[in-house]
There are 2 protein chains.
Amino acid sequence: MSISANNPDRTSWLHVGKNSDFPIQNIPFGVFLTRDDIITIGTRIGDTAIDLGALHQLGYFEGIPLTDDIFLQDTLNDFIADGRKTWRAVRNRIADIFDSNNTALKNNLKHKEIVCFRLDEIEMQLPVQVGDYTDFYSSLEHATNVGTMFRGADNALMPNWLHIPVGYHGRSSSIIPSGIPVHRPQGQTLPDGATEPVFGPSKLIDFELEMAFITTDANDLGESIPVNEAEEYIFGLVLFNDWSARDIQKWEYVPLGPFLAKSFASSMSPWIVTLDALEPFKVESPKPIKPLLPYLKSKGKKGYDISLEVAIRPKDAKETIVSKSNFKYMYWNMSQQLAHHTINGCPINSGDMMGSGTISGPTEDSYGSMLELTWRGEKPLKMKDGTERKFINDYDTVIMRGHCEKDGTRIGFGEVSTQLLPIYNQKKK
Amino acid sequence: MSISANNPDRTSWLHVGKNSDFPIQNIPFGVFLTRDDIITIGTRIGDTAIDLGALHQLGYFEGIPLTDDIFLQDTLNDFIADGRKTWRAVRNRIADIFDSNNTALKNNLKHKEIVCFRLDEIEMQLPVQVGDYTDFYSSLEHATNVGTMFRGADNALMPNWLHIPVGYHGRSSSIIPSGIPVHRPQGQTLPDGATEPVFGPSKLIDFELEMAFITTDANDLGESIPVNEAEEYIFGLVLFNDWSARDIQKWEYVPLGPFLAKSFASSMSPWIVTLDALEPFKVESPKPIKPLLPYLKSKGKKGYDISLEVAIRPKDAKETIVSKSNFKYMYWNMSQQLAHHTINGCPINSGDMMGSGTISGPTEDSYGSMLELTWRGEKPLKMKDGTERKFINDYDTVIMRGHCEKDGTRIGFGEVSTQLLPIYNQKKK
């Protein structure tokens with residue numbers, strides 16, 4: 001089945017601004033609360049949010065095998081479980097409905113009023129109920145930078161790193177959509193030179209610039225996903241800020257890995273951009289430095305050229321861009337991550353989420369965390385308002401953006417924007 | 001509200017064998033498929049399974065605020081979310097209905113036929129949809145044994161271990177109920193003396209004797225659970241076999257912790273025994289060796305005296321008991337684990353699961369894994385059939401059992417029994 005929604009010559013009868021992340025070639029999926037306080041699954045073209053539940057009830061998806069309530073849900077999990085053939089049919093149909101040459105909905109004022117919303121009329125929700133969340137560690141530059149800081153340049157990469165897309169299980173319950181603020185976490189840390197830990201607010205709050213992909217039901221217990229079939233099971237991608245408390249992490253992470261340093265919050269952009277929409281932006285992954293075991297050998301272009309940036313906006317001030325990176329720098333691609341994750345027979349379900357790990361590029365201004373950008377705080381970053389940052393301050397908002405661009409078509413992710421608040425004021429219950 | 005179900009003088013009109021784990025003082029909760037292929041929530045007295053969905057429809061829970069379909073579900077998550085007051089009211093009512101002195105149901109043959117099942121008429125299911133699964137590492141003896149093997153006796157315990165109930169996030173999707181077989185996983189390992197990893201079936205499959213507790217909705221993002229309120233949010237406990245592939249673990253676990261070495265399967269016993277039922281068996285936790293930070297200081301008895309055993313049953317042979325341990329050995333108790341888990345504001349939801357970590361006792365025959373029992377394979381265990389085991393062989397069944405006993409009352413967990421099968425036969429799709 002062709003991806004006719006990707007046709008670069010298409011235009012929509014809905015207004016799409018010149019630098020919009022959401023032309024008719026994008027058609028991402030999300031969940032929102034409408035002005036009538038109804039939860040629905042939707043998409044977005046330009047600055048118009050589109051209620052897919054209403055569109056389906058009005059018969060616009062006729063001919064596509066969909067259950068009646070597939071879009072009248074508070075998560076995308078069931079739709080994602082329907083599989084790629086269905087996602088593609090729905091996406092192509094949406095492109096047809098909103099194509100400049102199609103006047104059916106365009107000229108039906110009553111239908112349009114039910115289906116189309118301004119962005120200020122809706123409230124984006126978490127698009128999936130994340131069953132399991134896995135975070136990888138797949139940027140060579142990030143692993144090298146962090147390894148150099150903690151163990152010196154000679155031992156920067158662990159012996160397994162070039163053989164395994166190293167990853168670990170993360171916490172699903174604290175994944176939040178863009179716009180929800182996060183409180184500075186408290187916890188145990190070991191001050192420099194001390195032998196006993198102390199308790200208090202983390203002093204080293206950091207972001208991690210990541211992307212995350214969302215899967216469909218893929219395999220039974222025991223079964224593995226072959227590396228070159230893996231993309232069949234990937235629904236789409238979001239921007240992902242894997243908040244980190246570096247001082248808590250340093251004290252707790254041996255020997256079982258990061259725990260509370262990460263589980264206080266991870267923020268995601270609310271529109272899931274499908275792998276189909278990203279198809280034109282595929283690129284080769286970096287060449288493997290060491291030979292790979294056969295189950296990790298991916299063929300063809302499995303990387304994606306997605307420009308990324310991170311900005312910090314201090315309270316009542318303008319934002320400063322602090323990093324510009326790209327998803328194409330990932331040493332291990334998503335296909336390799338999914339093949340590795342299932343090589344032991346671990347089941348992957350609809351709505352599972354897999355983070356890339358911090359995406360650092362080769363240059364100092366392309367690093368994906370404050371830890372690396374300020375080199376453990378040794379080189380503070382200057383903000384436009386004259387202040388400096390070693391890590392993230394209370395009331396700072398961290399904003400991540402991402403988009404692809406090629407031959408005049410721009411497909412983007414919007415942003416994930418999260419404000420850091422002071423520690424939570426614990427009330428007596 | 002008193003826990004009248006715990007009255008040790010109660011007897012049931014249902015037959016309960018002398019050494020049954022399920023007297024009328026237990027009343028665990030589970031989910032099963034009935035002879036009519038209907039999924040329902042149930043309990044068990046002696047060798048009788050009781051359909052709570054049917055009991056509720058027949059009006060036996062009148063006066064307790066319950067939604068009509070609370071027991072007609074395929075998981076306990078919603079019932080658990082109702083909170084402790086409701087669990088207790090239901091448990092007390094069940095004890096009343098089946099009390100020897102109550103003839104209402106006993107004498108209603110028609111109702112009894114609808115409500116009561118023989119064990120061979122039902123099939124136990126996973127009792128909860130596990131949102132997030134966390135595994136702790138809370139046995140001092142286990143951490144010391146493993147640390148001694150990997151780093152020598154002088155560095156056995158990591159500096160953080162006596163200050164933090166160390167834990168990590170596990171994989172929910174591969175948690176299975178007792179009775180479902182597990183395939184030997186494949187993966188990467190680094191053979192002794194080699195510099196490059198190889199791919200193949202794990203050669204060192206191990207069990208880990210654990211218990212796991214299941215929580216209710218406890219806190220919002222940002223909020224922490226005080227250590228001495230933590231038990232209010234714990235629904236109950238199960239036996240838990242955290243299957244491990246030691247050779248995969250050794251190669252992959254640095255620096256982010258265990259991943260594929262654990263995520264191929266974890267098995268749980270199907271009946272959740274409530275904390276209420278375990279109340280009479282509370283004991284003091286071991287005295288802290290180092291002073292604790294205030295948020296981890298638990299008051300009173302927060303440990304539980306639960307005798308545990310592990311047996312290995314080779315194919316077509318009798319089982320051999322290979323370990324006898326006790327849950328009371330846990331250095332960190334569940335209240336401390338939950339307080340620590342939420343000190344950073346991480347939300348805990350209904351159906352979340354927290355494993356204790358391997359429960360090893362002080363003597364060599366009380367260790368909770370083959371790794372420790374055979375000391376890395378150096379001291380193989382003799383089976384009754386004359387064979388030896390360093391780790392688990394294909395077709396072996398590993399069985400874990402647990403029970404409390406005091407003043408003539410025995411409350412037990414039944415068992416978690418899982419057979420290890422050879423590697424999965426991957427079919428071409």
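So, R171(A) and D352(B): their side chains meet in a salt bridge, 2.7 Å from N to O. By salt bridge I mean a side-chain nitrogen of Lys or Arg within 4 Å of a carboxyl oxygen of Asp or Glu. Between chain A and chain B the count is six salt bridges.

Before I go on, a word on the ground rules. This is a predicted model, where local features need pLDDT of at least 70 and side-chain atom pairs count only at pLDDT 80 or more, while totals for chains, interfaces and linings use all residues. Residues are numbered from 1 along each chain as its sequence is written, chains are lettered from A and ligands numbered from 1 in the order in which they are written, and side-chain values use heavy atoms, with hydrogens and water left out.

Back to the interface. Chain A puts in 62 residues and chain B puts in 62 residues, with contact meaning heavy atoms within 4.5 Å. And 100% of chain A's interface residues are also interface residues in chain B, so the copies meet through the same surface. Together the two chains bury about 6,200 Å², 60% of it on carbon and sulfur atoms; that's the accessible area (1.4 Å probe) that two parts lose on being put together, summed over both.

Now the rings. Over all chains there are 30 aromatic pairs. Rings of Phe, Tyr and Trp (its six-membered ring) pair if their centres lie within 6.5 Å; planes under 30 degrees apart are stacked, over 60 edge-to-face, the rest tilted. Take F29(B) and F235(B): a tilted pair, 5.7 Å centre to centre, with 45° between the planes. F235(B) also pairs with W87(B), edge-to-face this time, at 5.0 Å and 80°.

Over in chain A, ring pairs link F29(A), F61(A), F71(A), F79(A), W87(A) and F235(A) into a cluster.
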